[in-house]
Amino acid sequence: MTLEAIDKALINRLQDGLPVVDRPFADMAADLDLAEEDVVARVERLLADGYLSRFGPMFQAERIGGSLSLVAMAVPDERFDAVAAQVNAHPEVAHNYRRAHRFNMWFVLATETPDEIAATLDRIEEETGLETLNLPKQQEFFVGLRLPL
C-alpha cells in the first residue's frame, strides 16, 4: 500500500492527539474533510498495514498505581530475532528496539503494579536464558516527538 496524501494528513493529525470529546473521530474527520467512518477505517488499515505501530492512550502509569521500566539485554546476534519474539510475546512489553551496543536489545515494560516488573523480568530471563538489566524510571521527561509526513 502506498500512503495517500489523506493518510499522511491523518497520521500528522493523530500525532497532535485526539480531543477529549464524545466523538473524537468526528472532530478529526471534520478537520480532514472526511466522514467519521472513513477516519476509523483508515486508522484500522494503517495499523493493519504496519504504518502505525500503536494507537492508544498514553498514561503516567505510576499515577494510577502501575510501573514502567526500561530494560536492556545483551543478545547474541544469531539469536536476536528469536529472543525479540520471546520478549515481545509478553503483553507488558510496550516496545522493543535494537541498538548498536553490547546491550543490543532495549524494551520498555509497563505493568499494573511495581512488583510485576520483577516477575516479568524473571519470566523473560527464564525463557531466554539471558540476563536483563532493569533501569527503572527515576524522572519523567516529556520529549514531544513528532514526525511529520
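This is a predicted model: local features need pLDDT of at least 70, side-chain atom pairs count only at pLDDT 80 or more; totals for chains, interfaces and linings use all residues.
Which residue forms a salt bridge with R98? Residues are numbered from 1 along each chain as its sequence is written, and side-chain values use heavy atoms, with hydrogens and water left out.

Okay, back to R98. Its partner is D77, and the closest N and O atoms are 3.1 Å apart. By salt bridge I mean a side-chain nitrogen of Lys or Arg within 4 Å of a carboxyl oxygen of Asp or Glu. D77 sits in the loop between β1 and α4, and R98 in strand β2, so this pair ties together parts that are 21 residues apart in sequence. Those element names are DSSP runs, numbered from the N terminus: helices are H or I with at least four residues, strands are E with at least two. D77 is exposed, at 57% relative accessible area, and R98 is partly exposed, at 45%. The cut-offs are these: buried is under 20%, exposed is over 50%, partly exposed is in between, with a 1.4 Å probe and protein chains only.

Now the sheet. Strands in a sheet pair through backbone hydrogen bonds, either parallel or antiparallel. Here four strands make an open sheet, in the order β2-β3-β1-β4, with antiparallel pairing. At the edges you find β2 (93-98) and β4 (133-136), each with a single partner strand, so one side of each has no neighbour in the sheet. Two strands count as paired if DSSP finds at least two bridges between them. For β2 and β3 (residues 105-111) there are five bridges, and one of the pairs is H95 with V108.

What packs on this sheet, touching β1, β2 and β3? That's helix α4 (residues 80-88), and its direction makes about 165° with that of β2. Helix α5 (residues 115-128) lies across β1, β3 and β4, at about 140° to β3. For the angles, axes are lines fitted to C-alpha atoms, for helices over the stretch in contact, and we go from 0 to 180 degrees between N-to-C directions. Contact means heavy atoms within 4.5 Å.

On to the insides. Nonpolar side chains tend to be buried together in soluble globular proteins. The largest nonpolar core here has 15 residues, and those touching the most other members are M73, V75, V83, V87, M105, F107 and L109. A core is a set of buried Ala, Val, Leu, Ile, Met, Phe, Trp, Tyr and Cys residues joined through side-chain atoms within 4.5 Å. The largest share, four residues, comes from α4. A second, separate core has 12 residues, including L3, I11, L14 and L32.

In one of them, E4 meets R42 at 3.6 Å, N to O. E4 is in the segment before α1 (5-14) and R42 is in helix α3 (residues 36-48), 38 residues apart. E4 is partly exposed at 42%, whereas R42 is buried at 16%. These two also belong to a salt-bridge network with D7 and R45. And R123 meets E92 at 3.4 Å, linking helix α5 to the loop between α4 and β2.
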